[in-house]
Amino acid sequence: MAESHSRRSRRDFEENKCVPNGEEVRYVKDVGVQTEAKVQDQFPRLSKDNLFTLLSLWMELFPKKEEGCRENDATADSGLVVVKECRVLDLHCSSVGLHAGQVAVIKHGPRLKGCDLYFSRKPCSTCLKMLINVGVNRISYWPSDTEISLLSGGRDSADSTHQEAILDATAAERLKSNSRPHICVLLQSLGCNMLQFVDETSQKCDFLGKIAADNPALDVSDIFRRERWNNLDDLLKRFFINDEEQHKYVLNKMGLENFVVEQNFHNLREHMKDLIKVLASVAAGVPVLQSEYGFFTRDLPASGSPALPQDVARHCIIQARLLACRTEDPKVGVGAVIWAEGKQSKCDGTGRFYLVSCGYNAYPLGSGYADYPRMDHRQEERQNTKYRYVLHAEQNALTFRSTEIKDEDNTMMFVTKCPCDECVPLIGCAGIKQIYTTDLDSGKVKNDISYLRFNKLAGVQKFVWQQKCCDRQTTEQTAPSGSNGFLKRRDEDIEFQCNKRLRS
């Protein structure tokens, strides 16, 4: 639906992506979707390549408490998504000593054979030679390298660090040209109205909905706009090179001369910018509000693991929100991600945390577009509604686990919507110890879906998105510090700041 001029002017950082008048509805073949058939492009939806690219960018921003250690470290942060047969096998980010590619090789070794890797930045020659040797299928990366483009001294600098970066880029290009794996840039254009769709669904998500329910007089739309602009500003500074000539210089040094051709260059920059806008809007759906909203528990259990710091919990929830952009049920887009906390710190920048699985709500694997009903509660024929056929995000996450849930580890589920009665027993029996979610629908029956069991879920610590009460002891308990400092509790670590950006 076309936007009015006034509405478009309020969000002028977006270009109009609507299909021109008179153009027919497109039919697409998306071989990576859960529904493996030609589907009518009725609603916007992220392609898997774009989803994995966004997850890699967001993993680069994984909260770390070791920033002080990076002052003497020349290694640039990077994020990595490991994909096996179109499913997320693991999420990584670089640590103080290792790049994300090196982390993946150490953790997975020969299990990387046949995997697709999505980097937030082009991997260096050290990472590339190991990944090529292990037999990965494809390596995709974000073509914006600050190690070359933003070093002091500029292009003609004789600075040794600058020259080393150029030599590394040359070596990486030679490895690329002589390797079996397909090393490429996978940036696809967004579907029709995708930016508008993400904006609207982010403003209607349960996190902002909870704030609106608690404060009817509050302008939640204004909160969303402010967060989106803050996020967009930070993300563009981090991932996007504004100077076009500088960007062309970087692409040439990275061996991407074909992208410097004018039309290719323009398309590349537009696709990059559009994905950054999607990430900014999705993150704005879980706003940072000063000491007011976060993931807290109403009942303090006698035993159990301490709550995560708010920035880590928020980061994981936004991962789940990105997955929700991949939904096959546009009315109720839900995403879920499961992380676990081990006993010992690993080489990964996530410290003791490791990924268990990801999921979003979708129809059964391999089904065609017309195999199952797609009506919602507004249609009269109740037997033809979709609710009994759509697999929930929690169910998909538990089904497609990349690693087993261990009793001795603290396993945490992050889901963008209150779990329904169909999923609560699964969560309780699967070994999940903590759940981070909203409870906006808790205790309600909405058409064919009820949420009556969530409050009675026993044996699982529930941390729900809610307003912090000053007179209530909240979940920020004192706990031993992990190697990356995630579990070290300090009041200043958990305070939300009004003007806080994506990272402290």
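Predicted model: local features only at pLDDT ≥ 70, side-chain atom pairs only at ≥ 80, totals over all residues.
I then turned to cysteine 429, which counts as exposed because its relative accessibility is 72%. Next I checked for disulfides. A disulfide is a covalent bond between the sulfur atoms of two cysteines. The search of the whole structure returned zero disulfides.

**The chain overall.** I noted 15 helices and 15 strands in the protein chain. The chain has 504 residues, and 55% of them are buried. I also looked at how far apart in sequence the contacting residues are. Taking contacts between residues at least 6 apart in sequence, I found that 72% join residues at least 24 apart.

**Helix α3.** I went to residues 100-108, which form helix α3, and asked how many of its nine residues are buried. Seven of the nine are buried, so I wrote the helix down as mostly covered. The buried ones are Ala100, Gly101, Gln102, Val103, Ala104, Val105 and His108. I then looked for what covers these buried residues: the cover includes strands β3 (79-84), β4 (87-93) and β5 (116-119), together with helix α4 (125-134). Just after α3 comes glycine 109, where I read a positive phi of about 55 degrees.

**Leucine 186.** I located leucine 186 in the loop between β7 (182-184) and α7 (194-203). Is leucine 186 buried or exposed? Its relative accessibility is 17%, under the 20% cut-off, and leucine 186 therefore counts as buried. Leaving out residues up to four places away in sequence, I listed its contacts as Asp49, Thr53, Tyr118, Arg138 and Ser140. I followed up one of them, tyrosine 118: 68 residues separate it from leucine 186 in sequence, and the C-alpha to C-alpha distance is 8.8 Å.

**Helices α2 and α11.** I found that the axes of α2 (residues 48-60) and α11 (residues 262-284) come within 10 Å and cross at roughly 65 degrees. The two helices are therefore roughly perpendicular to each other. I recorded the crossing as right-handed.

Technical notes
Residues numbered from 1 in each chain as written. Heavy atoms only, no water. Axes fitted to C-alpha atoms, helices over the stretch in contact; angles between N-to-C directions. Helix = DSSP H or I, 4+ residues; strand = E, 2+ residues; numbered from the N terminus. Parallel < 35°, antiparallel > 145°, perpendicular 65-115°, else oblique. Left-handed = near helix turned anticlockwise from the far one by under 90°. Disulfide = S-S within 2.5 Å. Buried < 20%, exposed > 50% of the residue type's maximum accessible area, 1.4 Å probe, protein only. Contact = heavy atoms within 4.5 Å.
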